[in-house]
Amino acid sequence: MAPRPAVSSGVRQWWAVLPDQLDAARWRGVAADAAGRGAPMPGVVVVESDEWLGRRPYHRQRIALILLNQRAFTEELRAAGVEVRSMRTRGTVSDALREFAGELGALTVDEPAEREMRAELAPLVGAGLLRVVPNRQWITTAEDFRAAAGSGGWRMDTFYRAVRARTGILMEDGSPVGGKISFDTENRERWDGIPAAPEPPRFERTSLREEVAREVEERFGRHPGRLDVDALPATHADTELLWRWGLEHCLPWFGPYEDAMSERSRGVFHTRISPVLNLGRIPPQRLVEDVAASGVPLQSVEGFVRQVIGWREFVRHVHGATDGFRNVRGDRPEVHAAPGDAGWSRRYGAAWERGVPLPAGVDGGAAPAHLGGARTPLPPAYWGAESGMRCLDRVVADVWDESWSHHITRLMVLGNLATLLDVDARELTDWFWVAYMDAWDWVVEPNVIGMATFAAGPVMTTKPYISGAAYIDKMGDFCAGCAFSPGSSCPITRLYWAFLARHEPTLRSNPRMKLVLGSLRRRSEPERAADRAAFVHVRDVLVEGGKISPASVAAALAASDSRSNR
Ligand SMILES: Cc1cc2nc3c(=O)[nH]c(=O)nc-3n(C[C@H](O)[C@H](O)[C@H](O)COP(=O)(O)OP(=O)(O)OC[C@H]3O[C@@H](n4cnc5c(N)ncnc54)[C@H](O)[C@@H]3O)c2cc1C
Ligand code: SF4
């Protein structure tokens, strides 16, 4: 289809605003500027696509968050005088935009953050129906990333240091405020309930929330997870309220308890801003400015700023530079043909059916496997089957309850256990993508493939993020209520040693693994046999959807002991 000249109501330029580009403040500014100059207003098109929202078995809360924000954004722009054309379709985003371009002329779009969306829209760009302009929702550029890249793998701390120097954020006369670039080592306190952790805000039940709740139940009823629309920010004002809550109640204690996990508070002092931040409802620049001006202790300010201008920007660049892990410094891992369902069909005994065919260009993502044998299917425990391990069961329940959990539970419980069980990193990534309402390919793939599972090797981290029970016990309070004891019967420590033994040939050349592999070599053969037996038992029971217990683990170890004594 050839592009037509722009038409309709004096609009000079029509923009396609994607679901993660919902920056109402920007468009208010654009509208005010146009009005001030007597220039034509820009027009905006917004697409709600059932195909895209149902492409994977996403948590209902994630679908509701997106619909609420798209609709609130539309109203906010109309109130500011911007003409908005919105379409609800059972079909794809690309088909809807093609139709709009046929009517309104070629559309302009900020470069999509998601690779998957870039791939879907590429044919429209090629046909001249869509003009892509740089996306301004980021603090750093690809040039910042390239300039900070060393000859080895990419490292967040090198990137972060360079970004601080270039932007002047938390810098004074060319030196870091407080005398050092990172306060990470001071941010590792256990939390025992004092000071009290804040309860996240809930939002007023409006007709928009009623409408979206009804539609999600009706149109996306097969999707998993609990729907609780009053917990979700919808309007720009809701995002502001959530962010003020984060600044006032979380930030002062963010630093010291950044790594703490607790049954008493799911969020501890984390701000829960990622879902709306990743939708573009609030720019990262604004978060950093507010935090830098907050006056709270530097260890919290620096800790938060590092997450936003460091980790968040860094992972996005790694994703771009590796083409979504399809090209990991020359290695070209397998790419799945279609999006995975993360084990949904195994759990529910039915295929995940898509109503309409996938758009051309969309695939199932890269599946690197640096740790060769990591192909265990994701256990049903991640879908809510009880595993018998309290840390895992509690965090999984939290995720299906609210489509979010904080960083350390993602990394050191969900990621750690899956890695120790050699779970297929692609399937785990797909699970995080469907379960969390802040997940988008540019952020979930680096965090799971690149960081948690080490599936891409030392491309962005130096070693796997794994631990035994001692870490989970030290940083959390799950163990107190568990049938296992972290110092004795808990199998996680044996899983840790068994992991190191299995992957020693791959990890041997890694200098950061030298010490721990030295300890592994000092482990006796009977201990190693018991480690292997614990691994096989836990993996096999969990993959079958069963539950382990101290008695079942002890029986597996006893059986292995009697075999080795024969
Ligand atoms: C296995 C795994 C999967 C993850 N998947 C996602 C995901 O799909 N989407 C997502 O936004 N974050 C993801 N993260 C990063 C991090 O866990 C979340 O950003 C954070 O928990 C969001 O909660 P919050 O807003 O309260 O964060 P806070 O702790 O309050 O931190 C503030 C902000 O820092 C940013 N941030 C912190 N760490 C990271 C990181 N490693 N990568 C990117 N941004 C970071 C986020 O934007 C976050 O909102 C993942 C981490 C791990 C270990
Ligand atoms: S004892 Fe082991 S399984 Fe139980 S909560 Fe602690 S670390 Fe998790």
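1. Which residues are closest to ligand 1, and how many surround it? The shell counts 29 residues, and the closest are His270, Thr271, Arg272, Asn278 and Asn447. A residue is near a molecule if one of its heavy atoms lies within 4 Å of it.

2. A word on conventions. This is a predicted model: local features need pLDDT of at least 70, side-chain atom pairs count only at pLDDT 80 or more, and totals for chains, interfaces and linings use all residues. Residues are numbered from 1 along each chain as its sequence is written, chains are lettered from A and ligands numbered from 1 in the order in which they are written, and side-chain values use heavy atoms, with hydrogens and water left out.

3. The side chain of His270 places an N or O atom 2.6 Å from an oxygen atom of ligand 1. For the side chain of Thr271, the distance to a ligand 1 oxygen is 2.7 Å. The side chain of Asn447 has an N or O atom 2.9 Å from a nitrogen atom of ligand 1.

4. Taken alone, ligand 1 exposes 810 Å², and the protein buries 99% of that. Areas follow the Shrake-Rupley method with a 1.4 Å probe; for residues, only the protein chains shown count as cover. Helices here are DSSP runs (H or I, at least four residues), numbered from the N terminus. By class, the shell has 16 nonpolar, nine polar and four charged residues. Ala, Val, Leu, Ile, Met, Phe, Trp, Tyr, Cys and Pro count as nonpolar, Asp, Glu, Lys and Arg as charged, and the others, Gly among them, as polar.

5. Ligand 2. Its shell consists of Met389, Cys391, Ala469, Ile472, Phe478, Cys479, Cys482, Phe484, Pro486, Cys490 and Ile492. The class count is eleven nonpolar, no polar and no charged residues.

6. Trp243. This residue sits in helix H9. Trp243 is buried, at 1% relative accessible area. Buried means under 20% relative accessible area, exposed over 50%, and partly exposed in between (1.4 Å probe, protein chains only). Beyond its neighbours within four places in sequence, Trp243 is in contact (heavy atoms within 4.5 Å) with Thr271, Ile273, Ile282, Arg286, Leu287, Asp290, Val291 and Phe304. Thr271 is also among the residues closest to ligand 1.

7. Salt bridges. The structure holds 56 of them. The criterion is a side-chain nitrogen of Lys or Arg within 4 Å of a carboxyl oxygen of Asp or Glu. Asp184 pairs with Arg188 at 3.1 Å. Asp184 is partly exposed at 25%, and Arg188 is partly exposed at 41%. Glu210 and Arg205 meet at 3.3 Å, N to O.

8. A bridge across the sequence. Arg264 forms a salt bridge with Asp477, with the closest N and O atoms 3.6 Å apart. Arg264 lies in the loop between helix H9 (236-254) and H10, and Asp477 in the loop between helix H18 (469-475) and helix H19 (492-507), so the pair ties together parts that are 213 residues apart in sequence. Arg264 counts as exposed at 52%, whereas Asp477 counts as buried at 14%. Elsewhere, shared partners join Glu48, Asp50, Arg71, Arg88, Arg90, Glu211, Glu215 and Arg219 into one salt-bridge network.

9. Helix H16 (425-435). Eleven of its eleven residues are buried, so H16 is largely enclosed by the rest of the structure. Trp431, Phe432 and Trp433 are among these buried residues, as are Arg426, Glu427 and Asp430. They pack against helices H3 (60-79), H5 (115-126), H13 (344-348), H14 (390-402), H15 and H17. Asp424 caps the N-terminal end of H16, with a side-chain oxygen 2.8 Å from the backbone nitrogen of Arg426.

10. His59. The loop between helix H2 (50-53) and H3 holds this residue. His59 is buried, with a relative accessible area of 0%. Leaving aside neighbours within four places in sequence, its contacts include Pro224, Arg226, Trp400 and Glu402, along with Val434 and Ala435. Val434 and Ala435 are among the buried residues of H16.

Terms used. Polar contact = N/O pair within 3.5 Å; in protein donor to acceptor, adjacent residues only side chain to side chain. Helix = DSSP H or I, 4+ residues; strand = E, 2+ residues; numbered from the N terminus.
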